[in-house]
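Have a look at the model first, then read on.

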Amino acid sequence: MTATRSTLTHLECGKCAATYDANQLINLCPACGRPLLVRYDLKKAAQTLTKAALAARPATLWRYEEVLPVQQHKHIVNLGEGWTPLPHARRLGEQIGCPNTFIKDESLNPTGSFKARGLALAVSRAYELGATKLAIPSAGNAAGAMSAYAAAVGLPAFVFMPKDVPATFQVECKELGAEVTLVDGLINDCGARVRAGAAEHGWFDVSTLREPYRIEGKKTMGYELAEQLSWTLPDVIIYPTGGGTGLVGMWKAFDEMEQMGLIDGKRPRMVSVQAANCAPIVRAYHEGAEHAELWQGASTVADGLRVPVAIGDFLILRAIRESGGTALTVTDDEMLRHTRVMGQQTGIFPAPEGAACLAAQIHLLEQGWIRPDETVVLFNTGTGLKYAHLWA
Ligand SMILES: *Cc1c(COP(=O)(O)O)cnc(C)c1O
């Protein structure tokens, strides 16, 4: 039994700043019902999480051990998540008039999406803290990732999905051994089912931002970007936003890295992209609101973006605004067309969510919001292979 180098200290509410002991299974802030964020002793972390030390670490997200919560190595459930490539999309960049375009290709994660990052952390930490059964509401990729990590560690997994979720996502969970329940409704309705069952059946709810650790997995995308760009950050990051875990996570990572002296204060402008028919964050951003209202009648082919209400809405909006970023929508038709553009100019077959970033980049270049000489990172958050039904 060996201890990790984790410098975890406590949990802190992202809304009311109440603090809690991290050594307990916990969901939202008991005081105000909002997400809990993980805090570390960053002075201590900076002593060993150095640029030089990182060079010799494994090519997974676990290389950032000091700023991850797991305490014992034996509790880490590792399928090789993270440290995904960041190819320079030269041909694509030239075609769209933005030569410094890079794609963070998250499709290479276990289970084919960046949900693996969050669920690797959530499942490892839940296991460490004694959870015996895990449950999740999901529009697709999160359920597959949760099923995989639960299988790896041998915990029973209960998945609640909208009944119109494409077969691929359902099959993946079932074949990985999860018990799948189809729900007549959207992901928020699935979430209500999970919460209703949690108390009765002893499930631990690993819904995003309703437990503190998925964001810790996704924040590693921010660490990787900095490390892969030689400890600089791009001018603009374009992120397809559902629950917003990755956007909020990367913003947290930039704060941590700055405090540890790994980067200077220059931050990217964070762009949130949503689907035209499910855009609660974009609407709230343009209204100047602190929270986002539920989006009625949400529909999009991009399953990861079909999130009509996000518990971390205020954290997403805060990060966009603090960064000088923006929020915009693209249509499903644009996503489907730009899948092909990205594919044929880069060799990466993106999920429609990834293609949405490219469509958004083109809009922002046309508007002059992105200048042609700026460095832009697009997030391809999953593999197009799981969405082959859209073109079949
Ligand atoms: C879940 C998901 C998203 C949205 O991610 P959040 O961090 O929850 O905003 C985007 N793309 C894909 C492929 C997803 O599975």
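## Pockets and ligand

Helix 5 (141-153), helix 7 (187-201), helix 8 (214-228), strand 9 (236-240) and helix 9 (245-259) each bring at least two residues to the lining of the largest pocket. This is a predicted model, where local features need pLDDT of at least 70, side-chain atom pairs count only at pLDDT 80 or more, and totals for chains, interfaces and linings use all residues. Residues are numbered from 1 along each chain as its sequence is written, and side-chain values use heavy atoms, with hydrogens and water left out.

Helices (H or I, at least four residues) and strands (E, at least two) are DSSP runs, numbered from the N terminus. A pocket is an open set of points on a 1 Å grid over the protein atoms alone, where a 1.4 Å probe fits, with protein on both sides within 12 Å along at least five of seven lines; lining residues have an atom within 4 Å of a point.

Helix 7 is the top contributor to the lining of the largest pocket, giving 4 residues. That lining has 37 residues, and Ile-187, Thr-208, Gly-242, Gly-243 and Val-307 sit nearest the pocket's centre.

Strand 9 and helix 9 are the elements that give two or more residues to the shell around the ligand. In that shell are 16 residues, the closest being Lys-115, Tyr-239, Gly-242, Gly-244 and Thr-381; a residue is near if one of its heavy atoms lies within 4 Å.

Taken alone, the ligand exposes 380 Å², and the protein buries 96% of that (accessible areas by the Shrake-Rupley method with a 1.4 Å probe).

Now for the second largest pocket. Its lining has 15 residues, with Leu-37, Arg-39, Trp-251, Lys-252 and Asp-255 nearest the centre. Helix 9 turns up here too, with 6 residues, the largest share of this lining. Strand 3 (36-40) and helix 11 (313-322) also supply at least two residues each.
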